[in-house]
Amino acid sequence: MLTDRVKRLGSKLKELIILPVYANLPSDMQAKIFEPTPPNARKVVLATNIAETSLTIDNIIYVIDPGFAKQNNFNSRTGMETLMVVPISKASANQRAGRAGRTAPGKCFRLYTAWAYKHELEDNTVPEIQRINLGNAVLTLKALGINDLLHFDFLDPPPHETLVLALEQLYALGALNHHGELTKLGRRMAEFPVDPMMAKMLLASEKYKCSEEVVTIAAMLSVNSAIFYRPKDKIIHADTARKNFNHLHGDHLSLLQVYNQWADTDFSTQWCYENFIQYRSMKRARDVREQLAGLMQRVEIEMVSGLPETINIRKAITAGYFYHIARLSKGGNYKTIKHNQTVMIHPNSALFEDLPRWVLYHELVFTTKEYMRQVTEIESKWLLEVAPHYYKPKELEDSTNKKMPKTIGRATITA
């Protein structure tokens, strides 16, 4: 909008340099905001709340604060993460105002009233522990020997339902027994500083003899939203490059292809540039992969490759993510098996046009619709192989609503 407006005003206005900055922008583009402004020009920086605390840009005099931010919220009822636009807190508002005049006197324009600031904004932002999935935190606490989580003295106690959901999930994954105590598998899972489902997937790779590939997929999933870069002026080229990596069985294997091809070019920067892939994200994935490979040695899992066959790789992923299964219903929509909730395949997915009958997803995100991100095709009979305690054959024939057996849930919680 700004670029368009500046073009229309033409020579009435001195030159305006418009620069965005957000976490997923490649670092060379981010660095542009620090370059000195040429004489007779002005610089406008459009930022997410990345600029709220961690950056000081020289000679910023004016700050415009719209009073909103995007925040990640986890809904324990549906198991879905939503990125919601929420009003900021007073603490954030003061931080934003503090960006003006760091190096010279400045002004902050707030797009909300003084009354709203006083009466409508919370004093502080909601702590993250109260709005995220607690699987990893619960597993870590159990591994530290803290068994009574409901009476544990948290600085900011998380909601009861989220804790209960995390315990149920750990039970279903086999990390806790019916007394709520850590099992041998749970102890090995706790060695990995990742989501319990991902830890289970890594450990399952031992059985399916594909640990090399599963470690790569886990590393790529940890940076998955920041791998492909789509510059506004080369959208068609970027989309074509992305499609070339698509794997016929789904996105987890597409990510594996991206990493393996990058490794074949000897981790080249030029290759990333040509394929519209962010080099910084790939480098981070490589670091994560090295750390995970070290942890695999620690739990005594040999690194073996399962390629070119992909069934075992997909089975290992299913062993960890059997919670995240959806099936194609008669209307052409997908319904999650657990909550019978209507979801869609994300348009960026390799399976967006194929619509296989059974799919597994890495996460559910709510933007305009409920989307499954990172989707892979699976077969329903694998579920009986990897999670016979959780799925009954009848349930996989007709999509009834699944609930954890009440006694199990209660036993875990009381323990």
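Two strands are taken to pair if DSSP finds at least two bridges between them. In this predicted model, strand β3 (residues 62-65) and strand β6 (residues 107-110) are joined by 4 bridges and run parallel. Within this pairing, I64 has F109 of β6 as its bridge partner. The side chains along β3 alternate between two faces.

The largest nonpolar core comprises 72 residues, of which F192, L202, I277, M282, F322 and Y391 touch the most other members. Helix α9 (residues 196-207) is the element that gives the most to this core, contributing 7 residues. Both domain 2 (131-191) and domain 3 (323-395) supply residues to the core, which therefore lies between them. The surroundings of F192 illustrate the packing at one of these members. When residues up to four places away in sequence are set aside, F192 touches N136, A199, L202 and L203, together with L292, L295, M296 and V299. Another core, of 11 residues, lies apart from the largest one; M80, V343, I345 and Y361 are among its members.

The arrangement of two helices was examined next. Helix α12 (residues 251-264) and helix α14 (residues 279-298) have axes that come within 12 Å and cross at roughly 95°. Because angles of 65 to 115 degrees count as roughly perpendicular, α12 and α14 are therefore described as roughly perpendicular to each other. On the side of α12, the contact is made by V258, Y259 and W262. On the side of α14, the contact is made by Y279, M282, K283, R286 and R289. One of these residues, M282, is also among the core residues that touch the most other members.

Several features of the backbone concern loops. Most residues other than glycine have a negative phi, and most peptide bonds are trans. A cis peptide bond joins L307 and P308, with omega at about 5°. P308 is located in the loop between α14 and α15 (311-321). D266, although not a glycine, has a positive phi of about 65°. The loop between α12 and α13 (269-274) holds D266, and with a relative accessibility of 63% D266 counts as exposed. A positive phi, of about 50°, is also found at L355, which is not a glycine. L355 is placed in the loop between β9 (342-345) and β10 (358-366), and its relative accessibility of 36% makes it partly exposed.

The loop between β9 and β10 also contains H346. Since buried means under 20% relative accessible area, H346 counts as buried at 18% relative accessibility. Not counting residues up to four places away in sequence, H346 touches F352, Y371, M372 and R373.

Finally, E385 is found in helix α16 (residues 380-386). The relative accessibility of E385 is 36%, so that E385 counts as partly exposed. Beyond residues up to four places away in sequence, E385 touches Y208 and K315. E385 and N72 are separated by 313 residues in sequence and, from C-alpha to C-alpha, by 34 Å in space.

Key
Residues numbered from 1 in each chain as written. Predicted model: local features only at pLDDT ≥ 70, side-chain atom pairs only at ≥ 80, totals over all residues. Heavy atoms only, no water. Core = buried A, V, L, I, M, F, W, Y, C linked by side-chain atoms within 4.5 Å. Buried < 20%, exposed > 50% of the residue type's maximum accessible area, 1.4 Å probe, protein only. Domains from an automatic or database assignment. Contact = heavy atoms within 4.5 Å. Axes fitted to C-alpha atoms, helices over the stretch in contact; angles between N-to-C directions. Parallel < 35°, antiparallel > 145°, perpendicular 65-115°, else oblique.
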